Amino acid sequence: MSAVLSREFVRRFDASREEVWEALADTRRYNESIGLPKHEIREDPQPDGSVRFYATANIGFVTLHWEDIPQEWSAGHWFRHRRLFLKGPLKQLYVHVRFEDGPDGAGCIVHYRIDIEPRNLIGGVIARRVIFPATDRDFTRVSEQIEEWAKHQTATPYPTVPVRLDAAQSQRLESALTRLEASRYGHGLGRRLGDWLLSAQEIDLMHIRPLRLARLWGAKERHVIELCLQAVKDGLLESRWDLLCPRCKGAKLSESALDELPQGAHCASCNVSYDRDFARNVELTFQPAAGIRKVTQGEFCLFGPMSTPHVRLQLRVPAGGREYIKAAMEPGSYRIRTLEPGPERIVDHSDGNFPVIAVSEDGIEPEALSEAPDMVTLINRSDRDRVVIIEARDWAEDALTAHRVTSMQAFRHLFAEDVLRGGDEVGIAHITLMFTDLSGSTALYEQIGDAPAYGIVREHFDFLARIVRGHDGGVVKTIGDAVMAAFTEPESGVRAALAIRAHILDFNREHRGNPIGLKLGLHAGPCIAVTMNGRLDYFGGTVNMAARLQGEAGPGEIVISEAIASDMAAAEILNSKWLEQDLRAIRGFKEPVTFRRLLPDDTASEPE
């Protein structure tokens, strides 16, 4: 048996431990930055439900094959990773990176240890003369980049040199940017997107998430979403629908069109099957158009800590074993599960010591408290090794869900053809619907004639669509003089309704001889999304109730369901408004319905 060769590189940082962890624990970016190639992963489900991962990568003329052991970590403290090579001069490689506060809590000290077990003499030479010197050089360079980033001298700890395009690619890029900047959905961000596509790491381009871009740029989420949608139409980006695993959050199935997305999928990594849910696990992501910058498939690193930053602890516990780990768990709600298929448990941690977590074949149970506030105790009472995962439930995801994007006006305008298969239907757990109807339109046509009246009606449709879009909603359809609009949140629907009513007052001041009255109704709840007449539409009791509530409104009134009025965010907007409560029998519903009526207010002035 060959002796294990080891090296440890120690670096003291002026940057804090939290900053250094954020950068170094992002192992995918680290590996791309130091020039490691992507590798293909093959997932091999085992009879006991666990999964083994095998990887293949080409380095020059050499093809490497190894088993990838899922990484383990305690967020902010350490991570470790092992690769078992199936053939070649190396037998295994093990990396363990440990983080600790500097003297007196200032800065951070990192211990980067690498252990290599050669298979033969050549492997020993490669370890000593190639791998160890390269690791030292790369770790030093990245450490210097992290220091510059922490001092706000660079935008990222992994700066890149922008990709150089050939003449044809440059022409395509400039043509796409010209169209994008001229569109109403560009928001002056087209050039910024183009520059970012050429300078970003490839890991960022594999799944471009508009919500993450908006946060990085300090831009409005709607503006960046609309920018990306328009960029697809202009040939700058390509879009795809990802079906995410609810356990590991990975995209296990992707399709270019919504009507190609199946009703469920299987995650080989977790060895579980799951259903499609528009509001939770169907995500719209983007990539650069292949004619501008081609992105290759593969992984830079599997299961890295910052790939899933909501996971605070991931640790393999041997069968019948017990582990004590330094891990500070902030007060909050946590989900405890295993990497292997099995039960999960929600733990609400208030403060003090975290509970001991016991895993068995039958379940996961919190027991007595761990010995110290900064310690977590894990017990495995099963007869096989288990990888225990503790993840924070309050982590804000950057996923642009199908539910959100399909309710936006820009999507319905640009991607009207992207619909569900005929006969397919999707349950939506919660949606806010608004119906509006123009009152007195018949009399208006008689008073001023068809052409002028139609112009006013058309103008009313235009400002309704503009206001709905400005509040992250979308017009689903028009029915005569009525409009049906959808929003993902009650708050957005309420703000849009108030803005519409305020605009009507301004509109009527400009058209004093021909004022219009608008009746609005809002309700929120579950519904079904289907394709009807070539577009995405909604059906169900929530739709019927929203339409009926609009029928209860008089000109200038907004009728709001109890479901809307009881929503915390919507109630905060409405608390300064005078809401008249009403109870009436409504056609199509057995029991009388309670709702709130917001009466006309000639002094209303709500921002659009």
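1. In what order do the four strands of the open sheet stand, and is the pairing parallel, antiparallel or mixed? In this predicted model, the order is S14-S19-S17-S18, and the pairing is mixed. Strand S14 (322-326) and strand S18 (364-369) stand at the edges, where each has a single partner strand, so one side of each is left without a neighbour in the sheet. From one strand to the next, the twist averages 25°.

2. The mixed pairing can be followed at strand S17 (residues 355-359), which runs parallel to strand S19 (residues 375-380) and is joined to S19 by three bridges, whereas S17 and S18 run antiparallel and are joined by four bridges. S17 and S18 form a hairpin, with four residues between them.

3. Turning to the helices, helix H11 (residues 441-448) packs with helix H12 (residues 450-470) at an angle of about 140°, and their axes lie 7 Å apart. Since angles over 145 degrees would count as roughly antiparallel, the two helices are therefore described as oblique to each other. On the H11 side the contact is made by Leu-444, Tyr-445 and Ile-448, and these meet Asp-450, Pro-452, Ala-453, Tyr-454, Ile-456 and Val-457 in H12. The residues of this contact divide into eight nonpolar, no polar and one charged.

4. The largest nonpolar core holds 71 residues, and the members that touch the most other members are Leu-193, Trp-196, Leu-229, Leu-236, Leu-237, Trp-241 and Tyr-538. Helix H8 (residues 221-233) gives the most to this core, contributing seven residues. Another core, of 44 residues, lies apart from it, and includes Leu-5, Phe-13, Ala-57 and Leu-90.

5. Asp-472, although not a glycine, has a positive phi of about 60°; its place is in the loop between H12 and strand S22 (474-479), and with a relative accessible area of 25% Asp-472 is partly exposed. Asn-533, which is likewise not a glycine, has a positive phi of about 55° and lies in the loop between strand S24 (517-532) and strand S25 (535-539). At 66% relative accessibility, Asn-533 counts as exposed.

How values were computed:
Residues numbered from 1 in each chain as written. Predicted model: local features only at pLDDT ≥ 70, side-chain atom pairs only at ≥ 80, totals over all residues. Heavy atoms only, no water. Axes fitted to C-alpha atoms, helices over the stretch in contact; angles between N-to-C directions. Parallel < 35°, antiparallel > 145°, perpendicular 65-115°, else oblique. Contact = heavy atoms within 4.5 Å. Nonpolar A, V, L, I, M, F, W, Y, C, P; charged D, E, K, R; others polar. Core = buried A, V, L, I, M, F, W, Y, C linked by side-chain atoms within 4.5 Å. Buried < 20%, exposed > 50% of the residue type's maximum accessible area, 1.4 Å probe, protein only. Pairing = 2+ DSSP bridges.
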